[in-house]
Amino acid sequence: MTGFRRFIRWYGLLTKRLLRHGAYLAVLVLMVLLALALAQFKGHDSAAVRVALALEEPQNEAAAAVAQRLLEQESLLRVTMADSPEKAREAVRNGSADAAWIFSSDLDGALSQFVRLGRGLAVTVVQREEQVLLTLSRERLFVALYPELSHELFGAYLAEQAGADELARYYSQRSVGEKMLRFETADGESVREGTLLLAPLRGMYYVLLVYAALAAGLLSYREERAGVFFALPARRRRYVPLLSALAAVVPAALVALLALYACSLALPLSREVAVLLWLMPAAALFAELLRCLCPREEAYGALGAVLSLAMLLLCPVFVDLKLLQPLQMLLPPYWALRAAGGAASPGAMISYLAALALLCAAAVRLRQKRRGL
Amino acid sequence: MRGAGTYLKLQLKRALRLLPWMLGVTLLLLALAALTALLLRATRGSEDDARVPVQVGIVGDLEDDHLGDALKLLEKMDFTRFSLHMQPMAEEEARAALLRGEIDGYARIPEGFVSALARGEHRPVVYVTAQSGADLAAQLTRQLAEALSELVLETENAVYGAQDYAADHLPDKDADELGTKLALRFMLRALDREKLFALELVEGEASLSFAAYYLCGVFVLFLMLWAIAATPLCAGRDRELPALLRARGLSLAAQTAADFLSYALLMLLALLLTGLLALPLLAHWSIRIPELADACAPRLLGGAVSVALMLCAVSFLLFELSSGTVGAVLLQFFNALLQGLLAGCFYPASFYPAALRRLGEALPAGLAMTRLRALLLGQPDARAAGAVWAVTLLAGLAVWLLRCGRRERL
């Protein structure tokens with residue numbers, strides 16, 4: 001009990017020392033402000049591809065129906081209607097659109113030709129260059145054209161069999177009319193709709209949390225040099241940097257939780273708390289392990305800069321590159337993000353934490369031994 | 001004057017002590033990048049097959065032949081940068097593989113899925129996936145899957161419609177065979193879908209190539225993150241030292257200038273040496289940046305230095321604003337994240353709503369991106385260049401004023 005009280009007292013002292021620093025507090029406040037500010041833009045039209053749509057023949061019913069379908073859909077495409085094909089082309093030229101989709105004046109004829117011959121120019125696609133996102137956006141265009149195409153194919157096929165009549169009645173007679181796919185996580189929860197803007201916030205906060213621990217490690221170099229905790233017995237002194245890292249992480253974790261709730265990104269509270277309860281000691285142990293491995297403050301500082309980039313690129317914060325999985329698995333935010341997404345096994349996470357703790361304990365002992373303590 | 005020279009020399013010495021560490025770590029970073037490239041080449045094979053494999057498990061009722069054909073078709077469809085690999089497996093096996101990160105997700109086909117569809121009943125397929133923070137890829141995958149499901153639904157409408165029609169009007173035909181043949185025709189047309197479009201490439205206002213855009217983004221992000229490596233030089237300084245030095249005749253302006261010069265020189269040297277290391281590597285990996293070859297080298301170099309100085313001045317100001325090491329490091333990191341996000345270093349800024357785009361462009365990182373873009377495209381950029389120098393001077397002035405204010409308090 002005395003040991004626990006001592007731990008709490010030391011932890012309180014170390015936290016108080018950190019909270020006296022204006023910049024640390026400012027970052028905590030900024031974390032919440034960023035979430036609130038980005039949440040304000042949630043309803044705005046963020047999109048990966050901007051498309052200007054134009055009809056060569058505005059009276060063409062099929063073209064108007066396809067255009068309406070594209071304008072109403074919610075996706076990574078931002079589709080706007082241009083007044084004329086020339087204006088759509090101009091939008092591509094001046095960079096206000098990534099692509100222009102110009103529907104042929106005889107869209108039905110083009111689809112019918114495609115059905116019969118396997119080719120038929122229904123849409124002229126205008127771009128400045130070919131890119132992956134633009135190619136993928138054409139899949140959406142094909143889906144929007146598909147009902148017309150499907151009707152055409154159905155009619156043509158049955159007409160081949162016999163002079164078919166009353167076809168429209170049969171088409172979609174057995175339609176299920178609802179979405180065929182439902183998205184779930186491994187925990188059986190529905191996958192939430194995200195926005196490009198808010199989606200990286202969780203990853204950014206997790207990386208920031210690890211960074212708070214790394215920053216506390218940098219402070220520990222200075223304190224060791226200045227002999228701040230010199231009065232403590234060597235055995236206890238060895239754990240002060242770890243406790244200091246934990247002290248830096250806990251307020252940041254609480255603020256991250258608050259920020260995730262503030263911008264409606266939070267998962268069920270139990271899962272959020274479980275992930276943070278795992279990430280806090282993992283971040284502190286990770287930082288302490290690196291500190292023990294780096295002989296000097298300069299090396300640790302430089303490594304921090306590289307790690308920041310590595311964490312942002314390798315962990316699925318902005319884009320899940322699915323690269324170098326063995327390297328990804330070394331980084332705590334990777335596990336935390338997978339756990340938040342319901343795709344990390346508890347056993348693996350506990351093993352990671354245990355391995356970190358063992359390595360850290362060994363590194364601390366080695367370091368103390370090297371120093372003759 | 002002599003005091004100022006001595007002080008500058010001392011600060012330069014302190015700064016240069018960090019250089020080997022920064023370069024060592026940069027080498028480590030480049031080695032990491034090289035390793036990534038090598039592994040990518042090794043795992044993806046030739047350039048012809050440079051598509052990202054998407055592994056999908058299929059669990060549940062797979063007994064229907066139509067479903068098997070549809071899955072084969074999906075594997076054959078060309079998704080440009082993705083190749084779809086589907087493996088039938090048991091649900092427990094699929095779940096374990098998802099948790100281990102071996103598959104991207106799995107689709108759970110409900111019992112009697114195809115026969116239910118034929119009766120017009122709705123039994124949705126559940127796609128189980130990890131909900132990661134990286135939403136761009138996740139959203140793309142989801143939208144692609146939704147697009148495919150819309151295609152399948154529409155095809156089913158036609159195929160079952162044809163079977164019903166045959167049952168009512170064509171007694172001499174086998175309705176099932178008719179449906180299968182129509183489904184096959186749909187598949188052929190889906191594979192030919194690109195033939196519906198005529199692609200027209202137009203010359204527009206000059207814009208950066210993808211590689212050049214990300215070169216600018218990485219340049220700006222690097223400089224902001226490198227400030228962290230300079231923490232031992234700039235953070236946690238003795239606040240009374242400037243007053244003491246001033247009492248010895250070294251003005252605050254001279255101290256500020258010397259501190260900034262030493263910090264900026266460290267960053268510029270690190271940048272130059274990294275550039276010298278990285279450019280041959282880019283050439284070796286055949287990453288072509290045509291804008292670099294066409295740009296006027298002295299103008300590009302001068303512009304890059306001015307941008308680097310501005311970003312250094314901003315991080316120098318942040319160091320001055322933060323009182324402790326932990327706060328300083330976190331503030332630098334947060335600054336890099338925030339500015340990098342808004343200025344388009346991670347996602348292109350064009351993805352964002354207009355108001356946020358304008359905000360991003362007004363930030364120092366946004367100004368840096370604008371200036372670098374203009375330099376690479378060889379466009380006139382007097383306004384951006386003026387703004388870059390103005391921010392540099394303002395940040396320097398702010399540091400000097402902060403130090404003056406602190407002196408008053410002492």
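The stops that follow begin with the model as a whole, continue through chain A, and end in chain B.

**The whole model**

Before selecting anything, note that this is a predicted model. Its scores are ipTM 0.76 and pTM 0.77.

**Chain A: overview**

Of its 373 residues, 58% count as buried. Among contacts with a separation of 6 or more in chain A, 74% join residues 24 or more positions apart. Switch to a surface display: chain A exposes about 15,800 Å², and 60% of that area is supplied by carbon and sulfur atoms.

Now colour chain A by pLDDT. The mean is 83, with 88% of the residues at 70 or more. Among the elements of the chain, helix H11 (residues 269-293) has the highest mean, 94, while strand S5 (residues 181-184) has the lowest, 65.

Select A:Val29, A:Leu30, A:Leu33 and A:Leu36, which make a nonpolar surface patch of about 310 Å². Then centre on A:Leu30, which is placed in helix H2 (residues 22-40) of chain A.

**Chain A: Arg202 in helix H8**

Move to A:Arg202, a residue of helix H8 (residues 201-226) of chain A. The relative accessible area of A:Arg202 is 8%, and the residue is therefore buried, the cut-off being under 20%. Which residues is A:Arg202 in contact with, leaving aside its neighbours within four places in sequence? Select A:Leu260, A:Leu265, A:Ala266, A:Leu267, A:Glu272, A:Leu337 and A:Ala340 to display these partners. For a distance across the chain, pick the C-alpha atoms of A:Arg202 and A:Leu134: they are separated by 28 Å, and the two residues lie 68 positions apart along the chain.

**Chain A: Ser264 in a loop**

Next, select A:Ser264, found in the loop between helix H10 (240-262) and H11 of chain A. Its phi is near 55°, a positive value in a residue other than glycine. A:Ser264 is partly exposed, with a relative accessible area of 48%.

**Chain B: confidence**

Turn to chain B and keep the pLDDT colouring. The mean for this chain is 79, and 79% of its residues reach 70 or more. Confidence is highest in helix H15 (residues 364-377) of chain B, at a mean of 92, and lowest in helix H2 (residues 65-76) of chain B, at 63. Select residues 46-50 of chain B as well: the pLDDT there is below 50, and the stretch has 3 contacts in the model beyond near neighbours in sequence.

**Chain B: Gly57 in strand S1**

Select B:Gly57, located in strand S1 (residues 52-60) of chain B. B:Gly57 is buried, with a relative accessible area of 0%. Beyond neighbours within four places in sequence, its contacts are B:Gln87, B:Met89, B:Ile103, B:Gly105, B:Tyr106 and B:Ala107. The C-alpha atom of B:Gly57 is separated by 40 Å from that of B:Ala354, 297 residues away along the chain.

**Chain B: helix H7**

Finish with helix H7 (residues 210-229) of chain B. At 1.5 Å a residue, its 20 residues should span 28 Å, and the end C-alpha atoms are 29 Å apart, which agrees. In H7(B), 15 of the 20 residues are buried, so this helix is largely enclosed by the rest of the structure.

Note on methods: Residues are numbered from 1 along each chain as its sequence is written. Chains are lettered from A and ligands numbered from 1 in the order in which they are written. This is a predicted model: local features need pLDDT of at least 70, side-chain atom pairs count only at pLDDT 80 or more; totals for chains, interfaces and linings use all residues. Side-chain values use heavy atoms; hydrogens and water are left out. Patches are made of residues with over 30% relative accessible area and no salt bridge: like charges are joined within 9 Å, nonpolar side chains (Val, Leu, Ile, Met, Phe, Trp, Tyr) within 5 Å. Accessible areas come from the Shrake-Rupley method with a 1.4 Å probe; for residues, only the protein chains shown count as cover. A salt bridge is a side-chain nitrogen of Lys or Arg within 4 Å of a carboxyl oxygen of Asp or Glu. Helices (H or I, at least four residues) and strands (E, at least two) are DSSP runs, numbered from the N terminus. Buried means under 20% relative accessible area, exposed over 50%, partly exposed in between (1.4 Å probe, protein chains only). Contact means heavy atoms within 4.5 Å. The expected span of a helix is 1.5 Å times one less than its number of residues. pLDDT is the predictor's confidence in each residue, from 0 to 100.
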